Structure formats: C-alpha cells, structure tokens
Amino acid sequence: MKTLVDRLFPDGRPEVAEFRPMARYFGPIDAMIYVRDDVSYRADRVDPFLTVLWHPTEDRLVGVKLKGFRFLFERLSAVAPEVSTNDFLPLVKALEIALAAGVGEVLTDGLEKKLQRDRKYEQARQLIRDVSVPNRDLPQAA
Amino acid sequence: MLGPIHRLNDRGTALVIQAAHPDDRARIVSIRASSETLRSMVSDRWNSKIGEYVGLVHGNLRITSETTLEPIDAPTQGLLAAHACFMGVRRPVGKSPSGDRIAVYVIQAPYTYQFPDRSGVAVRTAAPARSVFTVEADFPEDGEAEIVFWEWVLAASDDATLPENHDARYVRRCWL
C-alpha cells in the first residue's frame, strides 16, 4: 500500500535523516530558517527581516527565521566579500545585517516597541551564536 | 469537525490542494504544493512541518486514535477551512523588494499534527497557544499558483482569529 510520503514523492523518496537542529534556506519563500526543536512553533514577526519562533506552549525560543535572505546575503557580501568564498557563513552575521536593514520600520515606533525589538534580536543572537551554514546551501548557489 | 462545504482533498494526489481564490472566495482552485519545500522538510525529518501539511493544508488524513491507538479517519477541510486571506507580504522575496504575489490564508484550528513515522498515520495534538495557522501561496502573474510554506503564527491581541500585526505584515485583506 502506498504511504503518504510515497504519494508526495512518486519519483522516489528523499534521503531521510534523523531530525537535528538545522539551518535551511527555503528558496520559494527566500528565508533562512534555523530550528532547534521539532515542534509546531509560533512565529512572532519582529520586522520585515526577522521572525522569532517560540515553543508552542513554553516561553522560550526554538528557532529564528531570516527573511529576504537573498537581499541580506548580497548586502553582507558587499561589506564583507569573504563571506561568498568562505566554506561556512556564521548566521549571526546575517542577523546583524537584518538588524540594520529592518530599522526603517521602527523609526516611528515608541520606545517600548524599539526595546522589544532589541530584546528579540538579542534572544535570536543568543540562539544562533554558534550556528553556521555551509556555503553550498546559501542562495547564491540555489 | 467539518464545516458546511464538506469538500476533501484527494488522498491520491497529496500535492494538489483545493483553496478559495484570493480574489473570489466562491471560486475554488487547485494549487500545487512546492515539492522543493516538502522535499527539504522530509529530508530533514521535520515531522511537525510534515504533520501540519498533512493535517491542516491537505487535511484528508488518518490519525492514531487517542483512545484506541488504532488508525482512524479524521479528515479536516485543509486549506478550504481558511476564514481569511491576505495578499502581499511586506518583505523582500528573492529579487523582488516585496512579496506582492504571495497570498496568505488564515485558518483557526483546534489541533495541530505530527507525522512521526512514514506509515501515513498522523498524531493529533492541541494547537499552539494563542495562534492561528497560516499558509503562503505564490500567485504569479503568469504561471500556476504554488503553496510555498505554512506555519503557526501568534494571533492578534485584539482579534484572536487573525495574525498579530496583520496590517503591518500584509499588503491587503482579500476576504474575511
């Protein structure tokens, strides 16, 4: 009997590995997503470039989504050309670019909203501080 | 669980999803799910994402009964259950400065799903707290529409049926 996965991939199943924390570029939405836990997270939009991902029931981050990643990566490559040729990209470098790029949306916000944004960027930074993405998985190679 | 429409997606075509058109809620169209997105999720064994697709985007699924632990039919309307739709996301997408071709469907569901094995039977669990489920579909000017991503997002504090800050994140509301 055909399973659902058989029906999803009639030309053959992709290679299946065990879940582990991972950063993955999703080309169709142009976003780099890092998730630490395999849960139905709750996405919390911070600005046009950053969404933080909360545990479904607990008050803790389980992931980060960097949106407009192609734009972020091109901007990063312009200021630090070595990122295009290095084997790995530390994800926190892209987060720094997002912090600067997304500031326009909060220019007219009140102090409390700006502090909230800064706090979420810091939480994201802590979560991905040791995460690097292989160069082959970046949008330039997609 | 099923609403007044009572239409189900075909189990034999797991990648083709029925949905109301963003510009005309009465018009039901078939949208293909991105095989690139699904392939990545399956490769990474991202079971919660596969479960969400099976249970909330497609919907015609079998689950493990919470009482008997046997497989039972427990279909949902999938994407046809959407009660709101927005068009355009306010962020760069690829080479475009804005995602003005992306529709975002909003679903309120009491459950989410895990897909812990490859037997075709999902596990139903309570939906994440204070959240709504969203499905993004790309509607290019020329070419076929494609479902590109899905996720739970925090609900608005003043309207628990819609995503938080929906005015800031989406360009326009299509229907509600």
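Colleague: Let's start with Phe69(A) and Phe73(A) in helix H2 of chain A. What separates them along the helix?
Modeller: Helices here are DSSP runs (H or I, at least four residues), as strands are (E, at least two), and both get numbered from the N terminus. Phe69(A) and Phe73(A) are four residues apart in helix H2 of chain A, so the separation is about one helical turn.

Colleague: And what kind of model am I looking at?
Modeller: Residues are numbered from 1 along each chain as its sequence is written, while chains are lettered from A and ligands numbered from 1 in the order in which they are written. Side-chain values use heavy atoms, with hydrogens and water left out; local features need pLDDT of at least 70, side-chain atom pairs count only at pLDDT 80 or more, totals for chains, interfaces and linings use all residues, and the whole thing is a predicted model.

Colleague: Back to those two Phe rings: are they stacked or edge-to-face?
Modeller: Rings of Phe, Tyr and Trp (its six-membered ring) pair if their centres lie within 6.5 Å; planes under 30 degrees apart are stacked, over 60 edge-to-face, the rest tilted. There are ten aromatic pairs over all chains. For Phe69(A) and Phe73(A), the centres are 6.5 Å apart and the planes sit at 10°, so the pair is stacked.

Colleague: Is Phe69(A) buried or exposed, and what about Phe73(A)?
Modeller: Buried means under 20% relative accessible area, exposed over 50%, partly exposed in between (1.4 Å probe, protein chains only). Phe73(A) comes out at 5%, so Phe73(A) is buried. Phe69(A) is at 0%, so Phe69(A) also counts as buried.

Colleague: How do H2(A) and H3(A) lie relative to each other, parallel or perpendicular?
Modeller: Axes are lines fitted to C-alpha atoms, for helices over the stretch in contact, and angles run from 0 to 180 degrees between N-to-C directions. Helix H2 (residues 69-79) and helix H3 (residues 91-101) of chain A pack at about 100°, axes 9 Å apart. Under 35 degrees is roughly parallel, over 145 roughly antiparallel, 65 to 115 roughly perpendicular and the rest oblique. So H2(A) and H3(A) are roughly perpendicular.

Colleague: How many nonpolar residues are in the contact of H2(A) with H3(A)?
Modeller: Contact means heavy atoms within 4.5 Å, and the residues that meet include Phe69(A) and Leu72(A) from H2(A), plus Ile97(A) and Ala98(A) from H3(A). Ala, Val, Leu, Ile, Met, Phe, Trp, Tyr, Cys and Pro count as nonpolar, Asp, Glu, Lys and Arg as charged, and the others, Gly among them, as polar. By class, the contact has two charged residues, no polar ones, and the nonpolar count is ten.

Colleague: H3(A) also packs on H4(A). What is the relative direction there?
Modeller: H3(A) and helix H4 (residues 111-128) of chain A pack at an angle of about 170°, with axes 9 Å apart. That makes the pair roughly antiparallel.

Colleague: Where is Asp130(A), and is this residue buried or exposed?
Modeller: Asp130(A) is in the loop between H4 and strand S7 (132-134) of chain A. With a relative accessible area of 68%, Asp130(A) is exposed.

Colleague: On to chain B. How many residues of H2(B) are buried?
Modeller: Helix H2 (residues 47-58) of chain B is mostly covered. Among the buried residues are Lys49(B), Glu52(B) and His58(B). The count is twelve of twelve.

Colleague: Which residues of H2(B) make the contact with H1(B)?
Modeller: H1(B) and H2(B) pack at about 135°, axes 8 Å apart, which makes H1(B) oblique to H2(B). Facing Leu38(B), Met41(B) and Val42(B) of H1(B) are Lys49(B), Ile50(B) and Tyr53(B).

Colleague: Which residue of chain A does Ser34(B) touch?
Modeller: Ser34(B) lies in the loop between strand S2 (24-33) and helix H1 (35-43) of chain B, and at 1% relative accessibility Ser34(B) counts as buried. Leaving out residues up to four places away in sequence, Ser34(B) touches Glu146(B), Ile147(B), Val148(B) and, from chain A, Pro28(A).
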